[in-house]
Every structure is written in structure tokens, then in C-alpha cells.
Amino acid sequence: MASPQMRVRSDTPDLTGRNRRSALRLLGMERSDEIFPVLLEEIVALGHPRALVTRVDFETSEITPIASLNYPKNLVQRYRSSLFAVETPQVRILHSQEPEFVAGRGKKSSGTYYYPLIYRNRTACWEAERARGRKCVAVENFHCRLKLQLQEQVCGICDMRAYSAMVITEVAPGTTPAEIGELRALIELANRYLSRLFKVEHYHNRMVDMETIITQMQTVMESMTDPVILTDPQHRVITQNKAAERYFRLPEDVSEGRVRAVELNNLLFSAALSSMAVSGNDSSRDMTLVDAIEGDEVLFEAVSAPSFAPDGRRTGMVSVLRDVTDLRRADEELRANYEKLRQAEEVVRQDRDRLNLVIENVGDPIVVCDRDAKVALLDPRAQELLGSEKTRTPLHIRNQAILDAYITQFTYSFSDRESAPIQLTSPETGLDVEYDARSGKIYDERGLVAYTVTVLRDLTAVRRLEQMKLERRMLEMEKFAAAGRLAGTIAHEVNNPMEAIKNCIFLLTDQMKPEAGPVYDILKAETERVARIVRQMLGLYRNTEQVGNFDVNSVVEDTLLLFARQLDRAGVHVKKELSVLPPALGSADQIRQVLSNLVVNAKDSMSGGGILALRTRLIRAPGLRDMIRIVVADSGSGISEHVLDTMFEPFMTTKGERGTGLGLWIVKGIIENHGGKLRVRSRVGKGTVFAIELPAAQ
Amino acid sequence: MKSKSHILVVDDEPNVLVTYRLILQQQGYAVSAALSSEEARKALSREDIDLLLCDLSLEKQENGFDVIDFARKKDPHMPAVLLTGYATQEANDHAGELGIPVLFKPIDIKELLETISGLLSVGREL
């Protein structure tokens, strides 16, 4: 701050005698409004009859008399005027700011001396000085540079509003110029004192204003629920609001825990301030403080801004702490949710990629359509079939039309899934290709169809395989039939000689010499064996007719009834599990022959008794013909592996003289002739299971 | 009342025919034998036959039914048995309609004899 000594000036006029007394009187005045009455008294004391002072109100531009001596009231009012009434000497002189003597018209007065006063100083005030080089209104006025207008009479630096006044003195007759000079010096002196008092009063007003502002600011601070703290450059607390005291002020009822909490908070806060001060400008950081009353940990976000004096000095920091516990918690939750979402999205993305990979590698054309049966997605294979916008040929369009018709019908149908044969044309080869179209629906959350997915399975290979199988079976059947016919023919030819031999043996009964008995027995036994073979071969030839629908269960029952006594005698227990079946298509006689063969084989394999199970069941598979399964299972001796390989070949027998070796060959032939399947599983010592499948009648 | 039932055996195989005749004679029947349908018809016209034992397939596209038809023109209740190595379904059905048992070769002789005596006993009751 500038010291008063530096402002001493030596150009003050040398005051002597009377003037000195007047100067001291004026100097004794401590308020600006005391100056003018004293000045008027001193003017009259100089010998002038009367004097008055008018003042300019800058807000209304009015000129009002404020003090007068020896003037009658009505005369005083004549000096009431306005800044715009420039034709009057008073206003003209106010504007020119040049003192002027106006000679009187009457004899009573020699003239009037107008002396304009305005707030002015030879040197700038402290504030102006501190602001360096900026214009102080007092100095400007001193040099008469400003117009007498409101906006110009306010100091740009200290905000002080200047005053303007006029001292009007009726001069005594015969006044000398020296005496005018004396008057002038007196008024000038008074104005100088007046300017100083004005400045002081201005400071006083400002101080009052500032106090008001400080009070207001404090109210604002206190009314904030967030802690607000002002600190000095050493981070010492200058002031803080109540909310801050809760955390940073040592309470009066000192409990150790609270003291520790407050100390810790202070430590944390000044550490944060230091680091923020180092890091630079405005900054914010999170800080966990302990509520000294509740003992809870509260997360704050501290926003600190440095405060500066007008000259740019740093005066400390203003910190506002915002309780962000809930905010941070919400933020964390949001982050966690976002992370979850991101992970879910990642899973979905991977699923989609995987699915795309699957679709690309299925190798069958895939068509995805929307709810209106419009194509939404095609895999490359489907693209080949249906073409793209640019490369579309009539074949592509035809394929599209066929597929459209199918998908539209499916989309609006009530079924979730559907499969249908579709014939499309390969645009590459121009050949017809048979597809099995399998479709499914994808529903949205309202249960409406969102998409349909159709996979076209190329049946060419399947059909070719089926054709090959069929041809092979036909060939096998042909072979079997030919073999059967040959066997039948041979049997027929052998039959008559056999008949004669057999009859001869019958005729020789009891006519042989006793020693020929064994020979006769061999002859008889072997002949009977040949007869059995011939009979079976003829049976094959014979049983080719009577094809129609028949009930498998009745055939099973018949067969079991036929062998009931034999089985019982062999100690075989029979288990029957017969399901309800549709009729089978074929020859009941032939199936009876098959079952008879299997039952006899089973019985023969259980020399010590056992269990024979016969089960029938309907087998259904979507898209395939219904089949009737007949299972003949025994707990007998089983079949060794090398026999399993050859057992269906003709003349393979394990029964020695009792077997013909034709039974299973015939069984297989009959089943294959019926378009059925025959499978056998066996384990030596455990038993054998024959499973037959026959097509059901449609 | 005759002491012996008279059976006519018809078969185109001479050895088969001979052995049947021997067996039936052994069983105490009077037996005539014919190698062809023509011989059979002659025998049927000439002799008084109680039962016809006839092979289904004979020579010259003829068959046992022709012989049986011929016999039944004379005696509508003439019992008959058909012997065959192989019979079509039609033949089987036709025999069933006419009430004629069909025996398949190789024939079980016991079964044959039981069938014959059964038919003859029924015939005698009529």
C-alpha cells in the first residue's frame, strides 16, 4: 500500500493572515456537507454581500441550490435550473468549467462571480495508482477533459461518482482583481478539501457495501447443503459453512473418535488441496471423509478453484464438496450393468458367429423369410438357387416362385414345423433336383411369427441310394425266387422216385431178415430225411400266393398254439407281449413258416428248458412307413460268431441229420420278399434274439 | 354188401402206381391201377369202384380233376383223394369245393390209409 509521505506536495499556495484562518476552519470540517456552509461564511467574511452553492444531480440533470448565505429564499430558488438550460450563465459556466465574473446590471451589485466545482484531484487515488495507467475521474476532471455528463462522471477504477457544484458569489462593489484572486483561492481550497472528504466517504460507502456483500455471501455459503471451504494459500481454513464444519471443525464435546475423524478429514482435505494446487487450475477429485457425527464414510467430489486478488495474486482456494456417495453407487451399478450388457452382447455375438459358421457349413440351401414370407436372408447355396438381383434368370425366378408358394403357405399355416418335397431346377445344370424342404417358425415376444427358416435338403443322393438298395433287393429277390424255383423243380422231380422208394420201404416192413434190420433202419431214416428236404423245398415253391393284409398277432398265436405241446415237453416257458397292431401286408402262411422255423430253432437251442419270448410292437418314424416288429428271443445256447456269418446260407445246419440247412435261408428269403428286415443278436451261452420288421399295410 | 372196397389208383409213374397198389392190397383193398386218365376212364366204366386215388398232374395236360369228374358223372358221391407234389392255389380251392382231400407227396402212408378208411366208412353209412 502506498504511504502518505510519498504524496506530499509543496505547491500549496502560501496562505497568510485571513486566508490561513479560513483554510484551518475548512480543514476542521470532517464531513462533506459541513464544507459549504463554512465556505459561504468565509466568503462573506471576505467582504462580499452574499453567496450560494448549487449542486448538479447527475441522475436528473437538475441543478438545485443546497446552501446559501444572505440570499432571500425566493432569490435562491431562481438558481434552480437544469443542465440543459445552457442559455443561463450558471449552466454555461458549469459546462465550460471556467470561473467567470458576470458584471451586474443594477447599482446595488457590482457583479456575480461563478466558480464551478467538480470532483478533482491533481493526482490519482490509491486504487487508480494500483490499477496502473488507468484513468481516474478525479485526475481527468483536474485537466478538464470530461464532459459534464453522468456516464463520464463515474470513475472506471474505483466506481466513485463525481460531484459537480457551483459557488455563486455576489461580489462587493469595488472589488479588486487581487480580491477576486483571494476569493478564488478560498473556493479552490474548499473544493480540494471537499474532494478528499468525498473520497473518504466513498471508501466508507464501499466498505459498507462490501460488508453487505460479505454478509450476503456468508448467507449463501451457509444456505448451501454441500460443504464449502475457503482456504488461504497455505491451505489453512479461512472460513467454512456449517456443512463443512461437520467434517472439519473440532466439536466442543470432544470425543476421541470424533477428534480423530476430524483430524483425518483435515489431513485428507489438505493433501487433496496440495495435490490439486500442484496439478494446476480448477480441478476435482474424489475424497472419502468420515462424518464426525454419524461415523459413516461419505464419498465426496471436491471441486476446488483458486481465488485471486484484483492484482492477480493468489489468495487461496474455494472448495465445494459434493456428496456423491449415492451418485457413485448409481454410477457403479450402471457400470456393472453396462459390463453385464456388454458380456451378454458378446455372448450373443459369439452365438451369432457360431450360427453363421454352422449355416455356412450346413451345405444345404437355407432361406430365412420375414412375417410376410419375404426373403430376409439367403445362404450362399440358396443364393445359387434363387439368384441375386443382377444375375437373375428365368430358372431363378421359377425356383423363387415355387419356394414362395411353399413358404407363404407355411407362414400362414397353424403348424410350427413342416416338411414337404419340393422340386427345383438347378440353374447350373438345368436339371430338376428334388429337395426335402423343412421349415420352422421363430416367434416374437407377442407370439406372432417373426421369421421362418427353411432348409432345403438335396434328396438326389438319398434317392440314388434308395434306388440302389431297391435294385439290389430286387436282384436278391430274383435270385431267391430263381433258387426257389430250381429247388422246387428239383424237389418235384425227386418227389416221384422218392414216393416209390418210400412205398417200397413201407412194403418191406417186417419182411426183412433179422440181420438186415439195422440196414433197413438206416434206409428208412435216410429216406425220411430226403423226404423232409423235398417237402421243405416244395413248401418254398408252394407258398407264394395269398398275399394280403393279415394280423401278425394271430399268426404268432397260431404258431405258439401249434408248438405248445412240444415246447411244454421241452421245458420251455413262453412269454408273450403283443401290442395292438395294424395289419401287415404279405402272406400269413409264409410268416407262419418263418415263425415256426424260429420257434423250432429256439426250442432246439434250449435242450434243458428255458424261456422263449415273443413280442410284437409298432414302430413309427416320421416320414417313414410304419413297421411291425416281431421279436423272437430265447435263453438258449446261442450262436457262435462264425456260424452267425453263414447261418442264412442254404444247407448250413448245426443239427446234423435232423436239420435240412434250409430253415433260416427260407426265413431270410421270405422276410426280404416282404420288404422287411431281419436282424439277429446272439451270445453263446446266453441266448439269441431274432428281430423281424415287416411293413404295415397303409 | 361187398367184402372188399374197390379202389382205383391213378398215377403216371409206373413204380409209384405199383407200390401204391401193393400197399393198398396189403391193407386188404381190391385195387385197380391206371397209368393214364384214359386207362382210368376205361376202368371206371368197366368196374365198380368205391374210391378214387388220383395223382393231380397226369400225362397229356390232363389232370386228376378230369378223372374225378368222369367218375362222378356216373356216381356223384364217389369218394376221391388227390395226391400231388405241388398244387396251385386254384387247384387247392377247387378240391376244397368238391370235398376232396389233397395229400402232398412225399405222402405219409399212415395218413393216406387213415384218409381212405375214413372216406370209405362215411360212404358206407350213406
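Modeller: Two strands are said to pair if DSSP finds at least two bridges between them. Helices (H or I, at least four residues) and strands (E, at least two) are DSSP runs, numbered from the N terminus. The model is a predicted one, in which local features need pLDDT of at least 70, side-chain atom pairs count only at pLDDT 80 or more, and totals for chains, interfaces and linings use all residues. Residues are numbered from 1 along each chain as its sequence is written, while chains are lettered from A and ligands numbered from 1 in the order in which they are written.

The sheet belongs to chain A, where 5 strands form an open arrangement in the order 18-20-21-23-22, with mixed pairing. Its edges are strand 18 (572-578) and strand 22 (677-683) of chain A, each of which pairs on one side only. On average, neighbouring strands of the sheet are turned by 10° against each other, direction ignored; axes are lines fitted to C-alpha atoms, for helices over the stretch in contact, and angles run from 0 to 180 degrees between N-to-C directions. Helix 15 (residues 552-569) of chain A packs on this sheet and touches strand 18, strand 20, strand 21 (627-634) and strand 23 (687-695) of chain A. The direction of helix 15 makes about 175° with that of strand 20 of chain A. Contact here means that the C-beta atoms of two residues, placed from the backbone, lie within 7 Å.

A residue is buried if 20 or more other C-beta atoms lie within 10 Å of its own, exposed if 12 or fewer, and partly exposed in between, with C-beta atoms placed from the backbone. Helix 16 (residues 588-605) of chain A has 18 residues and reaches 25 Å from its first C-alpha to its last, close to the expected 26 Å; the expected span is 1.5 Å times one less than the number of residues. Among the buried residues of helix 16 are A:Ile591, A:Val594, A:Leu595 and A:Lys603. Helix 18 (residues 663-673) of chain A is largely enclosed by the rest of the structure, because 8 of its 11 residues are buried. Its buried residues include A:Trp665, A:Ile666 and A:Ile670. Just after helix 18, A:Gly675 takes a positive phi of about 70°.

Elsewhere in chain A, a positive phi near 60° is found at A:Ser61, a residue other than glycine. A:Ser61 is in the loop between strand 1 (50-57) and strand 2 (62-69) of chain A, and counts as partly exposed because it has 15 C-beta neighbours inside 10 Å.

Chain B has 5 helices and 5 strands, which run β-α-β-α-β-α-β-α-β-α from the N terminus on. Of its 126 residues, 37% are buried. A cis peptide bond joins B:Lys105 and B:Pro106, with omega about -5°. B:Pro106 lies in the loop between strand 5 (102-104) and helix 5 (109-125) of chain B.

Between the chains, 19 residues of chain A are in contact with 15 residues of chain B. Helix 13 (460-507) and helix 14 (517-542) are the elements of chain A that give two or more residues to this side; helix 13 gives the most, with 11 residues.
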